[in-house]
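Proteins can hold empty space inside. Rolling a probe the size of a water molecule over the atoms shows where empty space is left. Here is the structure to look through.

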Amino acid sequence: MQILEGYHPHGQCRIFIGRQLEEMAAAFKPQAQVLLLSEKIVIALHGDKLATEGIKPDAQLVLPSLGDGLKSPSYLNRILHWFNAHNVTRNSYLIILGGGALCDLGGFAASVWKRGIRTILVPTTLLAQVDVSVGGKCGINFLGAKNLLGAFWFPELVWAASEFLHTLPPRQLFSGWGEVCKYQLLWGELPSFRPELPAPAMIARCLSYKNQIVASDPLDKRECRQVLNLGHTLAHALEAAGSGLWHGEAVLWGLEFSIHLAVSKALLAADYAEKLLVRLRMTPRPPLPDISGDTLLALMKRDKKNRSDLVTIILPRKGGGVAQVEFEGKELRDCWRNMRQRKLS
């Protein structure tokens, strides 16, 4: 059991890792309106536990379990109308119980309603626990681009209860390992996929690492946080292109893409890069999707990290850390083509 002190611009964010839901009920006794935002699958699996443990919201909204499909203006609009119907004030608490996409959507809705209401994140997937729950970034997809509308809105409490992870289907668990592998590359380690659940200590290590980076650059102004985008430029393009990949799966392919580019820029030796690729491929995922390089390049050019017509890619270094490198379109198309040829051969 670990408790981290997360970054919050107006006080303190407590991050509880490895604790059960019943302990949340004991720690959380608000003297204000409480709303619960969740999704269909999560409520079916865990909804009874909330009532059993004494967490009784004043209002509840359950959305479909659509993954990234939730991050749309239509579902944002639905939440805002729900807030209005229940006279939600800046004193109210919004508990967001669900996966990473719901946390992104709900956090963004909370950030824009009356310039911000208090939020509590209860992430129910591995990916959400090791990544989305810390950092304050929230948003929705817009005009075919990932997270084009967004804000920084930090929760007051994060409850990463391990009991949720035991109900994850294998694909959901493996997708979460994609983000864990990202952290391992940042630490300068070989990815170490395990088919079982990661120990709470691993989740705590991921969150502690991210929390330190966020605290040094909470609003992403000094580019310190860019290390966390390792693998994400291609990943977001794959998701936006309708590949059908879940986020962590797209990140795994994005990590491979970054490793190949790092070799081309002499940031990684070819033999060491091959070791990384072998270890990454131990994490199950769908095959590389059949998407043209031109399509992906057009989407990568819309990435928020870009500061010019070139595409900024975060590349790994041996021993940990990253480099930010700007690429011409031809280099990226060639790398994608070579990846596809390797998978077909």
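Five cavities of 30 Å³ or more turn up in a search of the whole structure. A cavity here is a set of points on a 1 Å grid over the protein atoms alone where a 1.4 Å probe fits but cannot get out; its lining residues have an atom within 4 Å of a point. Points are joined across faces, edges and corners, and the volume is the space filled by probe spheres set on them.

This is a predicted model: local features need pLDDT of at least 70, side-chain atom pairs count only at pLDDT 80 or more, and totals for chains, interfaces and linings use all residues. Residues are numbered from 1 along each chain as its sequence is written, and side-chain values use heavy atoms, without hydrogens and water.

| Cavity | Volume | Lining |
|---|---|---|
| Largest | about 120 Å³ | 13 residues |

Take the largest cavity. Lys146, His236, Leu299, Arg302 and Asp303 lie nearest its centre. Strand 8 (145-152), helix 8 (232-240) and helix 11 (293-300) each supply at least two lining residues. Helix 8 gives the largest share, four residues. Helices (H or I, at least four residues) and strands (E, at least two) are DSSP runs, numbered from the N terminus.

Helix 4 (100-112), strand 6 (118-123) and strand 7 (137-142) each give two or more residues to its lining. Helix 4 has the largest share, three residues.

Definitions and conventions:
1 Å grid on protein atoms, 1.4 Å probe; cavity = no way out; pocket = protein on both sides within 12 Å on 5 of 7 lines; lining within 4 Å.
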